[in-house]
Amino acid sequence: MTTESRGDGNPAIENLMAEKRVFPPDPAFSRQANAQASLYDEAERDYVEFWARQARERLTWTKPFETALEWDLPFAKWFVGGELNVAYNCLDRHVEAGLGDKVAYHWIGEPGDTRTLTYADLLREVGKAANALRELGVEKGDRVAIYMPMIPELPIAMLACARIGAPHTVVFGGFSAEALAGRINDCGAKVLITADGGFRRGKEVGLKHHADEALAATPSIKAAIVVNRTGHDIHMVPGRDHWWHDIVERQSPDCAPVPVDSEHMLYLLYTSGTTAKPKGILHTTAGYLLGTSYSHEMIFDLKPDDVYWCAADIGWVTGHSYIVYGPLANAATGVMYEGAPDTPTWERWWEIVEQYRVTILYMAPTAIRAFMKQGTHHPAAHDLTTLRVLGSVGEPINPEAWLWYHEHVGGGRAPIVDTWWQTETGQILLTPLPGVTVTKPGSATFPFPGIGADVVDANGDTVPFGGGGYLVLTRPWPAMLRGIYGDPERYRETYWKRFPGKYFAGDGAKRDEEGYFWLLGRVDDVMNVAGHRISTTEVESALVDHKSVAEAAVVGTKDDVTGQSIFAFVILKADQTPSDALAVQLREHVAYVIGPIARPKQLMFVPDLPKTRSGKIMRRLLRDIAEGRALGDTTTLADAGVVDIIREHSGRAEE
Ligand code: WT7
């Protein structure tokens, strides 16, 4: 393994790439920005009091908390003794404040149908759905599983659970029956909320038949609620299954929000490790709502008139924190889109930005690179001048993708916030503050005010600026996970054992001479070439730096001489053709940009890359391909056809 402790004085991870371009904030933006530089000092003076003040001012409590933090490492309790209700904080209080007619979501279905939901609409629908859950016997503390496409009933279902204190677990609609059953059984969910299906890439994607298969093996489920989305013929099990339009529609919209303890479980979200059993990441109420709403307002500079679009799926934590809970607690107007970026054409997202006059856009580098591959004409054909803040999340963003986003989407004006966080962290932890931070393309810059982060070596000692190592978090934060459901030992083992007293994120990182954080990818992916520990991210960024390249993935493969050698998979831009000469040029380009040690020994042109459904490259499968092995577990792969296509291209590998 490449992540073992090394006592030999070699750096944990090399720092090879140097990005020199800097982007200072526009003074006009800074003057109007929500976040000012003084936040850092204020939070540093007393980070617990900093969060406590925010919690008192921003959240509406039915009972105020007594103690801001009880920290029994690694178990945190925030805002102890307080009581509140998340749905009340996201809906009722806005309606009471006169914002009932404000749009909460502009929803757009992939086939082109639309719905607009105001805060008053949402409150009414949530009340009805909550009463339906009650009718099915769901009580405070009971778990509810949700398996749905990106339709308004999804956030409505989540808020209905929160309203009655029933923790939800959302299972992404792309997951299999087996994955759904495993998650339901792990948490013992009582009710499942699902739909007949959804629309994706111009096709109807069925959900209910997967749900039926799952429910054959989930004894805890007593009932299911099914939304009619596609109108497709499905089987309803009498006595168990209820149509949403029957059981929800006939309820009263009045449902009193149930006050719950600050540390009451709000939800579980399962993260699929690539091999091991998925972990039920446990998030609770007050700290989570505070962490997501405060970070959302500061990092995206949210103003009352903004139109905010986070183009993630609610099935991932990005959607939980930054489509549902954070934005709704802030009374934001959001866009919610059901479909894929290329359907019906690559114009679709830019049409939505233009039509809804989107001002804040938050998306993943994988989507940015997919757009880059198509060329600049799609964004150029639309009026994107309303955009004033751009966000990135999910993976390291290569400098070239950052610059493309900046220029072709942000018109060179809109600041970019590259936000690092995890399912486990609940809220964004490393990020620029727009209007405050001088950004550097590819760097997530600094910890958010109040957050403690460090880069350490294998012994847990701080790596001086200029060096690489392991990213750790040094203090508790409000939206942090409270554990892994039902498995406190695994929680300690996974996150707190490697570096005692510190949270180990599993990511490599470096800091440059000015202390900027640069994420280097998962430490399990670090390559070891002749004793040099090289980050996949840096080599990939060097490849994408070449004008012909749209996207790249690199892996270390066994090498008799150097231990491992670098194998690169490259996707060219749409107007480029693969050739042996270009392969040589690209390998030399990496050597030129970051040094000969990082020159890929082999390079293969591919039309696509194997990714998880959340867009992360599955390097394990690429290693299998590079080393000519049978493929390992492919259950989390988004598109199983991709590996076959890559294999057909294997003839093109360059030595
Ligand atoms: C992992 C967490 C955060 C919500 C979506 C993913 C990678 C995430 C960045 C970023 C570099 C990033 C890390 C992290 N990651 N954001 N801005 N720069 N890497 O949540 O599925 O729990 O994945 O995503 O490797 O550990 P997740």
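How many helices and strands are there in the protein? The protein has 20 helices and 30 strands, where helices (H or I, at least four residues) and strands (E, at least two) are DSSP runs, numbered from the N terminus. Its radius of gyration, taken over C-alpha atoms, is 24 Å, close to the 26 Å that the globule rule gives for 655 residues, so the protein is as compact as a globular protein of that length. That rule is 2.2 Å times the number of residues to the power 0.38.

The model is predicted: local features need pLDDT of at least 70 and side-chain atom pairs count only at pLDDT 80 or more, while totals for chains, interfaces and linings use all residues. Residues are numbered from 1 along each chain as its sequence is written, and side-chain values use heavy atoms, with hydrogens and water left out.

**The whole chain**

Buried residues make up 63% of the 655 residues; buried means under 20% relative accessible area, exposed over 50%, and partly exposed in between (1.4 Å probe, protein chains only). Of the contacts (heavy atoms within 4.5 Å) with a separation of 6 or more, 72% are between residues 24 or more positions apart.

**The open sheet**

Next, select the 8 strands that form an open sheet of mixed pairing, in the order E12-E11-E8-E6-E7-E14-E15-E23. Strands E12 (241-243) and E23 (483-484) stand at the edges with a single partner strand each, so one side of each is left without a neighbour in the sheet. Two strands pair if DSSP finds at least two bridges between them. Within the sheet, E8 (residues 191-195) and E11 (residues 223-227) pair in the parallel sense over 5 bridges, and Ile193 has Ile225 in E11 as its bridge partner.

**Asp306**

Move to Asp306, in the loop between helix H10 (286-299) and strand E16 (307-310). Is this residue buried or exposed? Asp306 is buried, with a relative accessible area of 4%. Its side chain reaches the backbone nitrogen of Lys303 at 2.7 Å. A polar contact of 2.6 Å joins the side chains of Asp306 and Thr359; such a contact is a pair of N or O atoms within 3.5 Å, and within protein one must be able to donate a hydrogen and the other to accept it, with residues adjacent in sequence counting only if both atoms are side-chain atoms. Leaving aside residues up to four places away in sequence, Asp306 touches Asp301, Thr333, Thr359, Ile360 and Arg388.

Select Glu493 in helix H16 (residues 488-496). Glu493 is partly exposed, with a relative accessible area of 42%, and its side chain makes a polar contact with that of Lys497 (3.1 Å).

Finally, display strand E24 (residues 503-511) with E25; the two pair in the antiparallel sense over 4 bridges. Lys510 has Trp518 in E25 as its bridge partner. The hairpin has 5 residues between the strands, and Gly515 takes a positive phi near 85 degrees there. In E25 (residues 517-522), 5 of the 6 residues are buried, so this strand is largely enclosed by the rest of the structure.
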